Every structure is written in structure tokens, then in C-alpha cells.
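This report walks through selected features of one structure, part by part. Please keep the sequence and the 3D view open while reading.

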Amino acid sequence: MTSDGYLADCRARLAFDLLANTWNSVVLWALRDGPSRHVELRGRVGGISSKVLTETLRRLEFNGLVERSVHAGTAARVTYELTPLGRTLLGPIDAFGAWAFEHGDEVMAAQERHGG
């Protein structure tokens with residue numbers, strides 16, 4: 001892919017859109033250790049409403065990154081887990097998080113200089 005490929009390739013834009021939504025990356029990362037129920041995810045993520053978590057899980061499922069499973073029983077139990085495709089995003093999310101950890105102070109300093 002040429003450097004201009006990122007501008008023209010709708011697949012590259014799709015990837016950037018997936019990671020641009022803060023909650024997508026956070027929820028994918030929260031699912032890295034295996035299946036979780038909605039209430040467990042909400043506690044692990046913190047700061048996310050039940051409604052936004054549900055919307056995020058639906059969006060991730062729509063994109064083939066998360067699988068929703070209903071387990072039969074006296075009270076149906078629903079779990080969410082990463083698909084193999086979803087697992088492929090853990091590396092880029094980790095790399096982006098490492099970049100933020102290393103350069104976050106610089107970004108915040110720039111924002112302060114510009115009145116942000």
C-alpha cells in the first residue's frame with residue numbers, strides 16, 4: 001500500500017473508524033481474557049453506561065469482532081467474547097496504548113499550550 005493508499009482505500013478507513021471509537025477499543029481490550037457477561041464488562045470497563053456498552057457490543061458484533069452467546073438454563077445467560085478476527089486487533093490496540101503511555105504527557109502539554 002502506498003502512503004496515499006490510506007486516503008483512498010475504504011478498508012483502511014474502516015480500520016481507522018473501528019479504532020477511532022473510544023469504546024470499541026476499550027471493550028475489545030476488556031474481552032481479551034475470555035468471555036464475559038454484560039455486567040462483568042461494565043464493571044471492568046468503568047465509566048460506560050449500560051446503554052453505550054450494549055450499543056458498542058452490537059457494533060462490534062456487526063463488524064465480526066465479538067460473538068454473543070446465549071446459554072440456556074433457568075435464567076438465560078448471555079456472554080460476549082472476541083472472535084478470531086477481534087483477537088487480531090489486540091496487538092494494534094496494545095501498540096496504540098503503549099504509544100499513548102509514552103507520549104500522552106507531550107500531547108496533554110500541547111493541548112495546554114493551545115488553551116485546551
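Phe96 and Trp99 are 3 residues apart in helix α7, so about one helical turn separates them. Helix α7 covers residues 90–113, and Phe96 is part of it. Helices here are DSSP runs of H or I with at least four residues, strands are runs of E with at least two, and both are numbered from the N terminus.

The model is predicted: local features need pLDDT of at least 70 and side-chain atom pairs count only at pLDDT 80 or more, while totals for chains, interfaces and linings use all residues. Residues are numbered from 1 along each chain as its sequence is written, and side-chain values use heavy atoms, with hydrogens and water left out.

## The aromatic pair

How many aromatic pairs does the rule give? Rings of Phe, Tyr and Trp (for Trp, its six-membered ring) pair if their centres lie within 6.5 Å; planes under 30 degrees apart count as stacked, over 60 as edge-to-face and the rest as tilted. By this rule the count is 1 aromatic pair. Phe96 and Trp99 form a stacked aromatic pair, at 6.0 Å centre to centre and with 15 degrees between the planes. A pair of aromatic rings is described by the distance of the centres and the angle of the planes.

Is Phe96 buried or exposed? Buried means under 20% relative accessible area, exposed means over 50%, and partly exposed is in between (1.4 Å probe, protein chains only). Phe96 counts as exposed because its relative accessibility is 60%. Trp99 has a relative accessible area of 43%, so Trp99 is partly exposed. Val107 is also found in helix α7, and Val107 is partly exposed because its relative accessible area is 35%.

Together, Phe96, Trp99 and Val107 form a nonpolar patch on the surface with about 330 Å² of accessible area. Patches are made of residues with over 30% relative accessible area and no salt bridge; like charges are joined within 9 Å, and nonpolar side chains (Val, Leu, Ile, Met, Phe, Trp, Tyr) within 5 Å. Accessible areas come from the Shrake-Rupley method with a 1.4 Å probe, and for residues only the protein chains shown count as cover.

Phe96 and Ser25 are 71 residues apart along the chain, and their C-alpha atoms are separated by 10.0 Å. Ser25 lies in helix α3, which spans residues 22–30. Ser25 counts as buried because its relative accessibility is 14%. With neighbours within four places in sequence left aside, Ser25 is in contact (heavy atoms within 4.5 Å) with Leu19 and Ile93.

Ala95 also has its place in helix α7. Its relative accessible area is 46%, so Ala95 is partly exposed. Ala95 and Phe16 are 79 residues apart in sequence, with 14 Å between their C-alpha atoms.

## The salt bridge

The structure holds 1 salt bridge (a side-chain nitrogen of Lys or Arg within 4 Å of a carboxyl oxygen of Asp or Glu). Lys51 forms a salt bridge with Glu55, and their closest N and O atoms are 3.4 Å apart. Lys51 and Glu55 both lie in helix α5 (residues 50–62), 4 residues apart, or about one turn of the helix. Lys51 counts as exposed because its relative accessibility is 61%, while Glu55, at 34%, counts as partly exposed.

## The strand pair

Strand β1 (residues 66–71) and strand β2 (residues 77–82) pair in the antiparallel sense over 6 bridges. Two strands pair if DSSP finds at least two bridges between them. A hairpin joins β1 to β2 through 5 residues. Val70 has Val78 in β2 as its bridge partner, and Arg68 stands opposite Tyr80 in β2.

Ala72 is found in the loop between β1 and β2. Ala72 is exposed because its relative accessible area is 83%. Ala72 and Leu82 are 10 residues apart in sequence and 20 Å apart in space, C-alpha to C-alpha.
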